[in-house]
Amino acid sequence: MARINSLEELKAMVSPITIYSEYLHLVGSGRKRTSLCPFHKEKTPSFSIDVEKGLFYCFGCHKGGDIIKFVEEMERCSFEEAVSILARKGGVDFSFQKSERGSVEGKKRERLIEILSTSLEYFKKSLLNQDKDGGVLTYIKKRGIPEGSIKELSLGYSGNKGELLSLLLKKDFTKEECVQAGVVREGKSYEYYEYFRDRLIFPIFDLQERVVGFGGRTLTNEEPKYLNSPETPVFRKRELLYGLNLSKEFIRKENRAILVEGYMDFVSLYLKGIKNCVASLGTALTPAQASLIKRYSDNVVLLYDSDEAGKKAMERAIPILLSMNLNVNVAIIPEAKDPDDAIKILGVCEFKKRIDESVSFVDFVLYQFNLQKMATLDEKLSFLEKVAGDIAEIKDPIKKEGFLNEISSRTGISKRTISKKIDSLEKVSSSEVIEKEKEIILSVNEIILIKSLLTFNREYLSLISAIPKNILSTLNTFPLIEKLLDGQEITGEEELKTLAFVNNSCHEVVSENDIKGAIVSLKKDFCEKRRKELTAKMKDAEVKGDRELVGILLREINAVSKEANSIKMDEIK
Ligand SMILES: [Zn+2]
């Protein structure tokens, strides 16, 4: 191991991009990368990284600093701890001059981590020392875990003889510390006994691959079947996912995470080569867990048990994942009771196919309703009731628009009515967001036009400049659009704000079809507005008894309707 002496040397030894990507889902290339900020809640990335200098800065909450500061913030640890984490990651030996910066809290946490890693070593050794025909190895075999994989998964076995406690005490940890670490508990009359007894142990790691807690499957039918470590200063169940230490690179590479519920679900998929999966520790999914997934990918496929409880759990997980701006699909495998079962029944090939064929959450709700065609208004309304809450969580207006279209075509309920329903929910759920964003109100069409103008693509430019002025001028952002068409520099504060808003509200790449669609919709809106004006005038004329004018207006109305009907995507050039 290389030995180094200064912080500058340390910083030079670790690759900033490797460190940042362990915590964040980075996008971009070259010297600058961006990501969602881990320090404040946001839906659009304002966190930027200078790869060469290793510095970070958030334009939203204005936090910034070097890589040590970053680790300090992410791990909520002391400066000293951050340095030693970096040294470990960089594979260098770095002795830190003891300074006043190491906090008492940090030292305490390090002790707990030491207890946990000592415990894990004990559990692992104890599993290997078990009798081949003993309970735990028989169980492992029955569950289809090959012996060779025990090590890869760091599985262990907690005995029932109190050996761990005496081992820890021998290593000079106190009983109180062992209780704090969650491996020992205190009985009523001050006796101490081990937290996990006669259980198959699944270690849970944090993002720096330190063991912070355990899950234990009973081997003696003791309740509960799966026992998790208690909440401790280092084990916060709501912020951890089982298996992420093994799967994060695969999730990043495949740009998709398969989210399952239990330890065994993860283990069986992972061992069959479905490596981009992760499990939620057998508890209801939390926003912190969703944002953990978001660091590695934007796409999640939910695969829970196919019973009612599993479906309910998925229903609860969907809005949480959507609110983190993740694309959510659901894998439906009705012939299997759980993921473990699914991969055994289907085989790897077919299983992968089912994951690829996973459906949108809207289709999942439809499937739940067991109604491919919704016959009665009642059915339609209760369907709408169910999906409206999910849609309300989607912040990207283009994505939202897509789902609105889909639901409208499925139910025959107009988009306006659906939007109203969703708006009423949104006002309750995220009034704060609306408060902040209400200054800028743009239609989806405007967002598409402005976004495409920002790409400086010539074809897009000519499509947009071909829109008749009388139509374009009805938009609030007409002056801005004209400037962009002209290639003028944008300097006004309001206009810059609008550009930022557009960038932030649309992450998708705009395609030629999106633009044509927006133009069709603008032209139709324009006709519709004109038709309404003419109709109002005609009613006026009728009241006044001006038959001649009524006739003229009627012809105009017909002409406008005809024009509206003739507007087609493929005629936009
Ligand atoms: Zn921030």
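Below is a chat about the predicted model shown above.

Reader: Hi! What kind of model is this, and how are residues numbered?
Author: Hello! This is a predicted model, where local features need pLDDT of at least 70, side-chain atom pairs count only at pLDDT 80 or more, and totals for chains, interfaces and linings use all residues. Residues are numbered from 1 along each chain as its sequence is written.

Reader: Nice. How many helices and strands are there?
Author: The protein chain has 26 helices and 17 strands. These are DSSP runs numbered from the N terminus, H or I of at least four residues for helices and E of at least two for strands.

Reader: What does the C-alpha trace span?
Author: About 105 × 60 × 45 Å along its principal axes.

Reader: And which domains are assigned?
Author: Domain 1 is 2-94, domain 2 is 107-234, domain 3 is 244-366, domain 4 is 371-437 and domain 5 is 444-571. The bounds come from an automatic or database domain assignment. Between the C-alpha centres of domain 2 and domain 4 there are 47 Å.

Reader: Switching to the inside: which residues have the most contacts in the largest nonpolar core?
Author: I258, L259, F266, V278 and L302, in a core of 91 residues. A nonpolar core is a set of buried Ala, Val, Leu, Ile, Met, Phe, Trp, Tyr and Cys residues joined through C-beta atoms within 7 Å. Buried means 20 or more other C-beta atoms within 10 Å of the residue's own, exposed means 12 or fewer, and partly exposed is in between, with C-beta atoms placed from the backbone.

Reader: What is L259 in contact with?
Author: Leaving aside neighbours within four places in sequence, L259 contacts V278, S280, I293, V300, V301, L302 and L303. Contact means that the C-beta atoms, placed from the backbone, lie within 7 Å.

Reader: Is E261 buried or exposed?
Author: E261 has 26 C-beta neighbours inside 10 Å, so E261 counts as buried. E261 sits in the loop between β13 (257-260) and α11. Not counting residues up to four places away in sequence, E261 touches A279, S280, G282, Y304, D305 and A313.

Reader: At what angle do α11 and α14 pack?
Author: Helix α11 (residues 263-271) and helix α14 (residues 339-356) pack at about 30°, with axes 8 Å apart. Axes are lines fitted to C-alpha atoms, for helices over the stretch in contact, and angles run from 0 to 180 degrees between N-to-C directions. The two helices are therefore roughly parallel, as angles under 35 degrees count as such, over 145 as roughly antiparallel, 65 to 115 as roughly perpendicular and the rest as oblique.

Reader: Which residues meet there?
Author: M264, D265, S268 and L269 in α11 meet P339, D340 and I343 in α14.

Note on methods
Contact = placed C-beta atoms within 7 Å.
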